[in-house]
Amino acid sequence: MANDFRIESDSLGERELPAEAYYGIQTQRARENFPISGLTLPEAMIRAIAAVKIAAARVNCQLGELDEQRAEAIIRAASEVRDGLFNDSFVVDAFQAGAGTSFHMNANEVIANRANELLGAKKGDYSRVHPNDHVNMGQSTNDVFPTAMRLAALDLLPDLLAAFDELAAALDEKAKAFENVIKSGRTHLQDAVPITLGQEFGGYAQAVFQARRRIARTEEALLELGIGGSAAGTGLNTLPEYRERVVQQLAQLTGLPLLSSGNLFEAMQSLAPFADTSAALRNAALELSRIANDFRLLASGPRTGFDELKLPAVQPGSSIMPGKINPSMAEMLNQVCFQVLGKDATIAFATQAGQLELNVMMPVVAFNLLGGMLLLTNALVAFTLRCVRGVEANVEAAHTHAMRSLGLATALNPLIGYRAAAEVVKQAVREGRAIPDVVVERRLMNPEEARRAFSPETLTRPGRLEAKPGEFAASEPTGYEWVRDPELLKECDTQPGEWDLPP
């Protein structure tokens, strides 16, 4: 029906639009030009650009550039956009014309049409409020879009940091719960000296905290806004007071300690603050992926792997193997981290692609940076809730691995030296026995001394074993006598095999 559409025109001609659409002809052209991904920029960008429009309208009204009636209509319309009432009217694909002009005009047109509606006019009738002349007064995509990018990132940052805090706290709680669970350390995926599971989890908690701190440090650069630079950084078509006043208005709207950039040309040319934030996300993803890998490895089995962690069973793990449970939440976290790494690579390429007065690759940076922040926030919340908080230690398996570890021989270094300790290891490997049993057999220690020397308290804390005169059975001044005569073993309180544990 004819009433279902309206006709709008611009400098390139006319276009037919849905009669009820709040967007206008430039948005329609973008829809036609960029049917690329079916994805749009995150809602944080909509909220952010609406905040810029509110601030600009207020300042233009204060400076006498915009009459009060138009200003009030624009401010009310932009406030509704900021509240999410018109999210479905932002229809431009994330992969669009450079600099974000299409997204920016989408915002200008939605706000203009809603403002006209509030003033009693029809959509598409821009005689009262025009997208360019009034909503965009004193502005350019070139200063509005990067300002909105900064505000959007700052908007998402608190939830992201809170998710890191929750994960670090959950890992720290587990570190305390597991502080007495002895296990084998592993380096190069080979036996190493024993540690406690609590110490291992304490390392994870600290790594997450450090990643959170690195991300938080990037906030400072994001607080510096280039709004007021207009098309090329000169501030053309703005009054001298406009720049600082808009920043003040945005600070009031957001509650953030925003300030104007010391150099509007640099703020327009460089996307370094976004690359910096992305790099911090990348480094966090590297750490998180490493931790997720460890969770998967420590929970491997249960019959043929390490089986030192029991992860919560969140779903069946196989469509064909009954009873199989997979480390699903850790696998999810790995995949999210990989995605964030890919997004960072895109942002890096886009950051270096700037030319002269403007880097036009801003839309893809906004899409990937904000998308990465949202992904990590949601993934950390889910991983903390559905995995870390419910993880349990398999104390028996961890202890068994610790006592069978060849890394126990490291504690012998101060007593008998590295080379002699290596001979103990060779015998233990050759005969399939535990290190303490070989030590007792060789009369390097008696059973009670061995129990003390290889106790969790001794092995997992700073210090070293020291041989005092007469303390150990084999501590003659000339060195250790390596006893292998089976007859002499009868004088000991133990027999070979006492220290061996089930395979």
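**Notebook: loops, helices and a pocket**

I looked up A99 and found it in the loop between α3 (68-82) and α4. The model is a predicted one, and I keep that in mind for each entry. The phi of A99 is near 75°, which is positive, and A99 is not a glycine. Is A99 buried or exposed? I noted a relative accessible area of 4% for A99, and because buried means under 20%, A99 counts as buried.

Next I turned to S230, in the loop between β5 (224-225) and α9 (242-254). S230 also is not a glycine, and its phi is positive, about 60°. Its relative accessibility is 5%, so S230 is buried.

I then looked at P302. P302 sits in the loop between α11 (272-298) and β7 (309-310). I checked the peptide bond from G301 to P302 and found it cis, with omega near 5°.

G301 and P302 came up again when I looked at the largest pocket. I wrote down a volume of about 340 Å³ for this pocket. Its lining has 15 residues, and A299, G301, P302, I325 and N326 are the ones nearest its centre. By type, the lining has seven nonpolar, three polar and five charged residues.

S328 was my next residue. It belongs to helix α12 (residues 328-351). I counted S328 as buried because its relative accessibility is 15%, under the 20% cut-off. Leaving out residues up to four places away in sequence, S328 touches V314 and Q315. I also looked up R386, which is 58 residues from S328 along the chain; their C-alpha atoms are 9.6 Å apart.

How far apart are the end C-alpha atoms of α16? They are 20 Å apart, and this agrees with the 20 Å that 14 residues should span at 1.5 Å a residue. I listed A420, A421, V424, Q427 and A428 as the buried residues of α16. They cover an arc of only 115° around the axis, so they lie on the same side of α16. These buried residues pack against α15 (413-416) and α17 (435-441). On the face turned away from the buried side I found the exposed residues Y418, R419, V429 and R430. After α16 comes G432, with a positive phi near 65°.

Last, I checked helix α1 (residues 25-33). Its buried residues are I25, T27, Q28, R29 and A30. Among the elements that cover them I noted β1 (5-10), β2 (13-18) and α4 (101-118).

Key. Residues are numbered from 1 along each chain as its sequence is written. This is a predicted model: local features need pLDDT of at least 70, side-chain atom pairs count only at pLDDT 80 or more; totals for chains, interfaces and linings use all residues. Side-chain values use heavy atoms; hydrogens and water are left out. Helices (H or I, at least four residues) and strands (E, at least two) are DSSP runs, numbered from the N terminus. Buried means under 20% relative accessible area, exposed over 50%, partly exposed in between (1.4 Å probe, protein chains only). Contact means heavy atoms within 4.5 Å. The expected span of a helix is 1.5 Å times one less than its number of residues. The arc is that of the directions from the helix axis to the C-beta atoms. On a 1 Å grid over the protein atoms alone, a cavity is a set of points where a 1.4 Å probe fits but cannot get out, and a pocket is an open set with protein on both sides within 12 Å along at least five of seven lines; lining residues have an atom within 4 Å of a point. Grid points are joined across faces, edges and corners, and a volume is the space filled by probe spheres set on the points. Ala, Val, Leu, Ile, Met, Phe, Trp, Tyr, Cys and Pro count as nonpolar, Asp, Glu, Lys and Arg as charged, and the others, Gly among them, as polar.
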